[in-house]
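Please find my notes on this structure below. They are numbered, and each takes one topic.

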Amino acid sequence: MSTSIPFIQNVETDAMASAAEQTRPADMGDDFRQEAREWIAANFPASLRGTDNAMSAIEGPGDETPDQRKWREAMGGKGWGVPTWPKEYGGGGLDRAQARIVQEELARVGAYNPIGGMGVMMFGPTLLEYGTEEQKREHIPGIVRGEVRWCQGYSEPGAGSDLASLQTFAEDKGDHYLVNGQKTWTSGGQWADKCFALVRTDKTQKHAGISFLLIDMDAEGVETKPIRLISGQSPFCETFFTNVRVPKENLVGHEGQGWTIGTRLLQHERSSLSGGSGSASRMNAGNSVPSIAKKYRGIDADGRLSDADLRTRIIKHEMDQRAFALTLRRAALEAKGNAGPSAATSIMKNVGARITQDRAELNIEIMGMQGLGWEGEGFSEEELTQTRTWLWGKAVSIYGGSSEIQNNVIAKRILGMLDHQ
Amino acid sequence: MAALNDEQVMLRDMAREWADNESPVTAFRKLRDAAPATGFDPEAWGAIGQMGWGGIVIPEEFGGSAFGYLSLGLVVEQLGRNLAASPLSSTAVAASAIVMGKSDKAKQEWLPRLASGEAVATLAIDEGPTHNLSVQAKVTDGKLSGTKAFVAEGDGADAFVVAAEDGLYLVAKGDGVTVTSRHMADSRSHAEVRFDNAVAEKLGGIELTAAVADRAAAVTAAEMLGMADSAFHQTLDYLKQRVQFGQVLSTFQALQHRMAKMLTELELMRSTVEGALEAIDAGRSDIDQAVSLAKATAGDTLRLVTREMVQLYGGVGMTDEYDAGLYLKRAAVLEAMWGNAAYHRDRFGRLNDY
């Protein structure tokens with residue numbers, strides 16, 4: 001049901017930021033807030049204010065500046081990049097309220113969370129749940145400190161929406177597995193240190209023949225080949241495994257448990273959307289859709305956007321975004337209360353994708369030809385970014401379970417609408 | 001569901017139970033066919049009064065419980081589920097105008113009676129077929145004159161909260177007040193109300209009119225939420241039992257995705273409606289925006305769900321015997337009441353300075 005989910009935090013950040021604003025933090029946890037504020041003031045390099053997490057940059061991490069490194073090491077050492085993970089593996093050991101305070105205090109000074117990526121959002125929580133004590137001690141601290149980058153080996157050329165048809169085979173060779181096959185849409189595969197992969201250990205059973213295996217990306221027989229996208233970017237790879245030896249201790253859970261663990265991982269990803277590891281970057285008033293429209297299209301005598309049809313669609317989009325922010329907030333509140341997770345969480349993916357794509361479509365429409373520049377002279381940085389953002393955004397309703405797959409999930413699991421009998 | 005306190009959970013469950021047991025859709029049908037002059041069932045209204053729901057936004061010193069708008073919304077939502085023909089929303093919002101107003105006399109005289117359900121009140125603001133806060137009604141020497149259109153629950157109201165050029169007034173039924181029924185598609189009480197030098201007690205200025213209209217829109221959105229949720233689930237249940245081509249309809253993916261899409265919109269709708277009610281309770285400075293967001297979203301979503309309800313029921317959805325038409329007709333009225341989606345989108349844009 002899933003392809004790789006790259007950089008999904010970027011999709012959610014704006015909505016989460018406004019959700020945080022709507023929440024209007026009360027004066028609870030004052031002591032801890034003070035402590036967090038002081039620690040951030042002492043450790044966050046002022047030069048990084050308002051910049052973004054290098055690990056979430058779409059073209060890869062690049063080279064860290066000394067300040068970026070200092071900030072990553074500080075947050076990694078404190079464990080606040082993953083505030084709610086257990087202290088024994090290096091996590092922050094905070095409760096959700098405290099984690100929220102850290103997040104707010106980071107946002108207050110324009111500081112990003114330097115600890116991110118798939119290790120934080122998806123693999124870490126899953127390993128904490130299913131891993132052995134040895135596996136947790138080996139893999140969690142590297143994620144907490146932002147030193148080890150993980151990628152996801154799920155999709156294959158013949159296994160997209162129908163993920164369980166995957167064919168990459170891990171043959172039992174006694175003390176190790178011999179892995180052969182091809183993965184695709186491996187986000188950040190060319191920069192990753194390790195890969196959590198779904199592999200087939202039994203060819204006779206579809207779901208029950210799948211296992212969850214950890215593979216070193218620098219092992220012999222692992223090759224990556226970046227895929228060039230319509231946006232010109234190459235955030236994904238094809239990953240080839242040719243006779244790759246993987247030690248048995250890299251199996252998470254037991255053989256055949258891969259589907260259970262792999263889908264559980266996707267739930268972690270979903271819950272991370274509704275309050276957890278958010279980055280500080282946010283849409284500021286200067287580049288909201290209405291402000292871009294005002295700048296490019298002008299206003300009428302009443303101060304309204306002059307193109308009435310466009311104005312209506314912009315308002316619809318802004319309201320949609322506001323409604324989504326309120327829904328994220330509601331889902332977070334309900335998850336805290338005793339009502340348990342509600343149906344609201346299941347719709348996040350589709351609405352988030354819709355909002356991201358609507359925003360980009362509106363922006364290029366507003367800018368006209370100026371919003372379709374590819375590179376070079378005649379276009380501002382902002383304009384060139386719009387083009388790429390618009391094209392990249394088409395991935396959002398495809399990856400992580402396409403919108404159609406999400407609708408299947410909603411219909412079947414929430415609404416109880418079953419398949420043909 | 002918003003994060004509710006114990007009181008609110010109890011209130012909601014009680015309202016749900018009462019609505020299901022005492023006021024199912026069949027009760028509305030009965031009322032529609034009996035067509036009493038007041039437009040509501042006095043026995044049901046008496047029960048609502050005894051349960052104290054009329055006083056949910058009235059302070060305790062005047063016989064209310066002061067639970068707030070989220071609580072009122074929870075009750076109205078449950079009634080909306082079953083299309084309960086109750087003057088609760090209009091009475092509660094009219095009461096809120098008196099509560100927020102500056103007339104002690106009006107508070108003493110009316111609030112205890114509205115809280116107990118002894119009296120029914122309503123808002124008389126709009127003067128035409130669409131919502132518009134700029135009005136012609138005038139007050140001279142304490143006497144109000146003007147004509148109000150489509151006053152909900154106007155047939156049975158004992159008191160009217162009336163918008164005039166310079167603000168909001170309270171007018172009791174009686175001399176100078178002429179009520180003429182307007183029979184509309186939803187079979188509920190609506191009336192043209194003509195005021196001809198009727199004695200009027202001033203409650204507040206035009207800011208109060210705007211604030212009360214926002215509360216009316218928010219509470220209406222709560223009724224719409226209940227309707228949309230119920231219409232959706234009735235449709236879902238129908239798809240799960242109707243068999244064609246040897247399969248229940250709910251197994252067809254084309255229909256599954258339409259239902260998934262509706263659920264998605266319903267979840268957003270719930271967030272905006274509860275968000276508006278919470279904004280009012282919190283006295284936030286952006287109540288107007290929160291309300292426009294809620295009413296526009298509610299309008300679009302209820303429209304989607306009720307139109308799909310008729311379509312997905314198919315032929316029987318067109319018959320009076322089935323309930324789909326009842327939801328459709330009430331939905332269209334509530335979509336228009338207190339500003340339709342287009343009105344509130346425009347207002348949202350203005351409030352945000354674009």
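**Notes on the two-chain model**

1. Core. Among the 146 residues of the largest nonpolar core, those touching the most other members are Val161(B), Val162(B), Val171(B), Ala218(B) and Ala276(B). A nonpolar core here is a set of buried Ala, Val, Leu, Ile, Met, Phe, Trp, Tyr and Cys residues joined through C-beta atoms within 7 Å. Buried means that 20 or more other C-beta atoms lie within 10 Å of the residue's own; exposed means 12 or fewer, partly exposed is in between, and C-beta atoms are placed from the backbone. Helix H7 (residues 206–241) of chain B gives this core its largest share, 16 residues. A second, separate core has 56 residues, including Val82(A), Ile101(A), Ala107(A) and Val244(A).

2. Basis. The model is predicted: local features need pLDDT of at least 70, side-chain atom pairs count only at pLDDT 80 or more, and totals for chains, interfaces and linings use all residues. Residues are numbered from 1 along each chain as its sequence is written, while chains are lettered from A and ligands numbered from 1 in the order in which they are written. Helices (H or I, at least four residues) and strands (E, at least two) are DSSP runs, numbered from the N terminus.

3. What does Val171(B) touch? Not counting residues up to four places away in sequence, Val171(B) touches Leu144(B), Phe160(B), Val162(B), Val177(B), Phe195(B), Ala198(B), Val199(B) and Ala200(B). Contact means C-beta atoms, placed from the backbone, within 7 Å.

4. Mixed sheet, chain B. Four strands form an open sheet in the order E1-E4-E5-E8, with mixed pairing. Two strands pair if DSSP finds at least two bridges between them. The edges are E1 (121–124) and E8 (201–204) of chain B, each pairing on one side only. Neighbouring strands are turned by 30 degrees on average, direction ignored. E5 (residues 167–172) of chain B runs antiparallel to E8(B), with 3 bridges. Leu168(B) sits opposite Gly204(B) in E8(B).

5. Helices on that sheet. Helix H6 (residues 104–116) of chain B lies across E1, E4 (159–164), E5 and E8 of chain B, at about 85 degrees to E8(B). H7(B) also lies across E1, E4, E5 and E8 of chain B, at about 75 degrees to E5(B). Axes are lines fitted to C-alpha atoms, for helices over the stretch in contact, and angles run from 0 to 180 degrees between N-to-C directions.

6. Antiparallel sheet, chain B. The order is E2-E3-E7-E6, an open sheet of 4 strands with antiparallel pairing. E2 (138–140) and E6 (177–181) of chain B are the edge strands. The twist averages 15 degrees from one strand to the next. E6(B) and E7 (residues 190–199) of chain B share 5 bridges, and Thr178(B) has Arg194(B) as its bridge partner.

7. Strands, chain A. E3 (residues 176–187) and E7 (residues 236–247) of chain A pair antiparallel over 9 bridges. His176(A) stands opposite Pro247(A). E6 (residues 222–227) of chain A joins E7(A) by 6 bridges, also antiparallel; here Lys225(A) partners Glu238(A).

8. Interface. In all, 35 residues of chain A contact 29 of chain B. H9(A) gives the most to the chain A side, with 13 residues. That side divides into 19 nonpolar, 8 polar and 8 charged residues. Ala, Val, Leu, Ile, Met, Phe, Trp, Tyr, Cys and Pro count as nonpolar, Asp, Glu, Lys and Arg as charged, and the others, Gly among them, as polar.

Key
Two residues are in contact if their C-beta atoms, placed from the backbone, lie within 7 Å.
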